Amino acid sequence: MGTWNSRGLRGSTLEEMVNRTNEWYQEKGLALMQKIPTPITPVRMDKEHRQITLAYFDQRSTVDYIGAVQGIPVCFDAKECVADTFPLQNIHGHQIRFMEAFERQEGIAFILIYYSAKKRLYYLRFRELLSFWERAQSGGRKSFRYEELDPRFFLTFERGCYIPYLDALNRDLELRDMLDKE
């Protein structure tokens, strides 16, 4: 388990964009997504400023967001990546197991990845993530490259900060329907 203050501001920009997007989707009646807080145990407090200065994560969290989109259960995580290679160590086994179980219950699981150096967003379908994960588990690459990703699932920001992940979710559902019919 890591300490709370060691994480810095990593992911806070992406998280803020996802939160704003989720608020906008909710206002439009398109989706209801909730941020899942990570439970922490405070270790050290600054009593004068009433702040936690050191804490540990209580338990492993599952995903960052969970909710429903037009009656479909949805869960996802949001990750930032500076390089063109995404290390799978940024995703944990318990998250894979949770997303796998979520999909078995007919939900949709995915990861939003923000490639900050390229200013590009990617909707990583769970099926795609699982293939990378299984490759690593069987002795292959412990990461995946930007070039390996499906170009249909790159997203562009709308209105400067909104993430149109519902468009990618719709594409995901269409592909699933096509695969089911084969």
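This is a predicted model: local features need pLDDT of at least 70, side-chain atom pairs count only at pLDDT 80 or more; totals for chains, interfaces and linings use all residues.
1. K79 counts as buried because its relative accessible area is 15%, and the cut-off for buried is under 20%. A polar atom of the K79 side chain lies 2.8 Å from the backbone oxygen of N90. N90 is also on the list of residues that K79 touches, which leaves out those up to four places away in sequence. Among the others are L14, F86, I111 and Y114.

2. **The sheet.** Look next at the sheet around β5. Six strands make up an open sheet, in the order β1-β4-β5-β7-β8-β10, with mixed pairing. β1 (31–35) and β10 (154–155) are the edge strands; each has a single partner, so one side of each has no neighbour in the sheet.

3. **β5 beside β7.** Strand β7 spans residues 108–115 and runs parallel to β5, with eight bridges joining the two.

4. Helix α3, residues 126–137, lies across β7 and β8 (120–125). The angle between α3 and β8 is about 80°.

5. **Salt bridges across the chain.** Side chains of opposite charge can pair when their charged atoms come close. This structure holds ten salt bridges. In one of them, K35 meets E15, with the closest N and O atoms 3.9 Å apart. That pair links distant parts of the chain: K35 is in strand β1 and E15 in helix α1 (residues 12–27), 20 residues apart. K35 is partly exposed at 27% relative accessible area, and E15 is partly exposed at 34%.

6. **Buried or exposed?** How do R125 and D150 stand, buried or exposed? Both are buried. They form a salt bridge, the closest N and O atoms being 3.6 Å apart. R125 is in strand β8, while D150 is in the loop between β9 (143–145) and β10, 25 residues apart. R125 and D150 also belong to a network of salt bridges with E128 and R152. Another salt bridge joins the side chains of R145 and E147, at 4.0 Å from N to O. Here R145 is partly exposed at 33% relative accessibility, and E147 is exposed at 57%.

Methods: Residues are numbered from 1 along each chain as its sequence is written. Side-chain values use heavy atoms; hydrogens and water are left out. Buried means under 20% relative accessible area, exposed over 50%, partly exposed in between (1.4 Å probe, protein chains only). A polar contact is a pair of N or O atoms within 3.5 Å; within protein, one must be able to donate a hydrogen and the other to accept it, and residues adjacent in sequence count only if both atoms are side-chain atoms. Contact means heavy atoms within 4.5 Å. Two strands pair if DSSP finds at least two bridges between them. Helices (H or I, at least four residues) and strands (E, at least two) are DSSP runs, numbered from the N terminus. Axes are lines fitted to C-alpha atoms, for helices over the stretch in contact, and angles run from 0 to 180 degrees between N-to-C directions.
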